[in-house]
Amino acid sequence: MSVVSTFVESFKESLLLKTIATIVVLGGLITVVIVFIDNFLIRALGTALIIGVLGGVIGVFVLLKGMVFLGEAIAHSAFAGAALGILLGIDPLITIIAFGLIASMGVGYVNEKKIMKSEVIIGIVFTSFMALAILFIGLMPFYSTDVRSILFGNIFLVSIENLIILFFVAVSVLLIILGIKKELYFIAFNQEMAAIIGIPVRFLNYLFLALMAITIDISLKAVGAILVFAMIITPAAAAYQWTFKLKKMLILGSLFGVASGFLGVAFSYLWDLPSGSTIVGVATLIFIVSFAFSPKRRKSGTGHVVADCDYCSKTILGKQYCLEESCLAKGIPHKHDEKGLLIYKTDLDRKKTPTRHEHDIGGEEK
Amino acid sequence: MSSKAIQDVVICLKDVNVVYGNLAALYEVNVDIYKGDFLGICGPNGSGKTTLLKTIMGLLKPLTGQVALFGNKVEDKIPKETKFKFGYVPQISDIDRNFPALVKDVVEMGRYAKAGIGKSLTKEDKQKALDALKLVEMDHMLERPIGHLSGGQQQRVLIAQALAAEAEVLLLDEFTSALDFKMTEEVMELLDYLNHTHGITVVTVGHNLGLLRAYCSRIICIDKIIAYDGTPKDPELDVVINQIFH
Ligand SMILES: Nc1ncnc2c1ncn2[C@@H]1O[C@H](COP(=O)(O)OP(=O)(O)OP(=O)(O)O)[C@@H](O)[C@H]1O
Ligand SMILES: [Mg+2]
């Protein structure tokens with residue numbers, strides 16, 4: 001028995017690494033396959049896989065650090081970069097990354113110095129980059145279809161070169177993120193406490209901004225400037241509904257991301273719909289389902305509240321209402337399950353008259 | 001306090017002035033905090049208590065004056081590692097109820113800096129975190145989400161985090177504001193215990209003067225300047241309190 005549980009424990013310990021490793025290897029294989037069997041559908045799936053994992057993992061930290069609007073601003077600044085690239089006739093990826101980095105570092109700096117509220121500066125950056133984008137498009141001698149493809153994205157137009165760059169950049173970003181994940185986690189929990197304990201908060205914050213900008217930038221071609229941020233926030237937000245553990249959240253986030261990508265590609269292919277919409281549509285559906293069934297959201301209105309019992313969390317496998325003096329839920333009808341959770345049930349008569357308290361293990365009968 | 005030697009000074013503020021824009025928050029502050037002090041800081045709202053703590057921890061840079069830590073001479077540049085002997089429990093703990101962290105995760109954060117970037121915690125790190133949690137009597141809640149704890153329990157966990165980081169000085173900013181009076185006393189008892197048996201220096205900011213007088217070995221009243229610095233028993237303290245609170 002103990003051997004089994006030890007095994008399960010150690011498997012759990014490295015589950016994250018295993019998942020990531022599997023995905024990376026799969027991605028590599030797929031890239032190789034794609035190079036040989038050059039098929040647009042396979043390329044699209046490979047892209048979906050990479051963006052799904054990367055977006056899911058980055059998104060978890062974006063969500064926990066409360067940087068959602070900043071990500072949106074980066075996506076739009078990247079669009080301006082793309083427009084400039086097209087205007088100048090150079091590879092848009094260079095200008096995209098340049099603009100994304102400028103926007104994220106600028107906002108990061110203003111936030112750090114607390115010069116103004118971050119929403120304000122983000123709003124200004126966001127709109128001024130859009131203005132630039134419109135200016136660049138206006139300066140083009142003819143309307144380029146490339147602009148449309150950057151704005152709306154098309155995962156079926158991802159070329160082999162795009163995909164190979166995407167793969168290597170994504171793997172590097174992922175490795176760095178996983179390397180600093182515990183520090184990012186602490187900073188998200190409480191930045192000041194992290195700084196005092198000796199975490200290089202400033203450096204890591206800027207590094208994270210850069211990684212986030214790069215993630216958005218390299219995903220732009222596939223999902224489009226308008227929708228790219230959904231690949232970061234939506235799977236992570238769905239994962240957030242399910243767990244109180246960072247590792248699980250990272251795993252779920254990337255799984256949801258990949259699932260959205262795959263299904264989105266499939267629907268887009270089968271029914272000839274815009275791929276950006278189908279991918280984000282699936283992600284949104286996953287989020288809605290997660291939100292509706294989230295164990296964090298079970299309130300008395302919809303049935304019952306899940307909470308923990310102070311007194312009984314360890315010692316009791318109780319079945320009936322608890323009247324223990326030190327029980328948090330004393331006087332409120334509730335039950336204990338094996339995990340020590342207690343579930344408040346709305347009393348049918350709204351009468352709060354619990355009568356019995358049973359201790360199955362290690363407790364005294366009351 | 002009179003017999004304390006120079007090397008027992010853990011924190012030394014010399015002629016410290018801190019400003020926000022053109023508002024002076026601390027004016028010509030001189031304070032020596034000794035190893036083993038149980039120091040209570042009180043003063044009206046906006047008197048600079050939080051500012052004082054943040055200046056000590058290096059989160060704020062004084063406009064003029066020096067902060068010397070752990071026996072380094074005021075003139076010296078503060079070595080990096082001395083900074084990290086602090087444990088800080090902030091004034092408002094607005095922990096998101098659904099933040100994905102269990103009690104043990106939060107305490108283990110105290111070991112992150114020691115483990116270093118890119119490395120995961122060793123068994124020893126985890127054991128130290130567990131020991132710290134035992135010290136604050138929260139080890140039975142190991143697997144509970146931090147957001148599901150009451151305010152007082154969260155404070156205990158944050159204290160445990162500081163202990164896991166092997167903090168020698170605990171700085172608490174108005175932790176009592178979120179706690180009922182029973183929990184407040186419990187946490188004070190815990191601080192008293194850590195102070196006496198583990199030799200941890202405690203600096204606590206509070207509005208409840210009666211409570212500070214009951215537990216602290218030394219009280220500082222602040223109102224941009226240091227208005228009082230001495231024992232809790234001194235009748236002078238009442239005079240100062242009446243003055244600064246009008
Ligand atoms: N970030 C800031 N920017 C500008 N002024 C500030 C800032 N923080 C504090 N102040 C000002 O500095 C003064 C001291 O603030 P501080 O937070 O240190 O007071 P405090 O004694 O902790 O008050 P409280 O009892 O309300 O916690 C106040 O007048 C406050 O308005
Ligand atoms: Mg304060």
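How many bridges join strand β3 (residues 38–42) of chain B to strand β8 (residues 218–223) of chain B, and do these strands run parallel or antiparallel? The two strands are joined by 4 bridges and run parallel, where strands are DSSP runs of E with at least two residues, helices are DSSP runs of H or I with at least four, and both are numbered from the N terminus. The structure is a predicted model, in which local features need pLDDT of at least 70 and side-chain atom pairs count only at pLDDT 80 or more, while totals for chains, interfaces and linings use all residues. Residues are numbered from 1 along each chain as its sequence is written, and chains are lettered from A and ligands numbered from 1 in the order in which they are written.

In chain B, 6 strands form an open sheet of mixed pairing in the order β5-β6-β7-β3-β8-β9, two strands being paired if DSSP finds at least two bridges between them. The edge strands are β5 (86–89) and β9 of chain B, each of which pairs on one side only.

Ligand 1 has 12 residues around it, of which Y20(B), N45(B), K49(B), T50(B) and T51(B) come nearest; a residue is near a molecule or strand if its C-beta atom, placed from the backbone, lies within 6 Å of it. The elements that give two or more residues to this shell are β2 (23–34) and α1 (49–57) of chain B, and α1(B) gives the most, with 3 residues.

In chain A, helix α4 (residues 68–88) and helix α11 (residues 201–223) pack at an angle of about 50°, with their axes 9 Å apart; axes are lines fitted to C-alpha atoms, for helices over the stretch in contact, and angles run from 0 to 180 degrees between N-to-C directions. This angle makes α4(A) oblique to α11(A), because angles under 35 degrees count as roughly parallel, over 145 as roughly antiparallel, 65 to 115 as roughly perpendicular and the rest as oblique.
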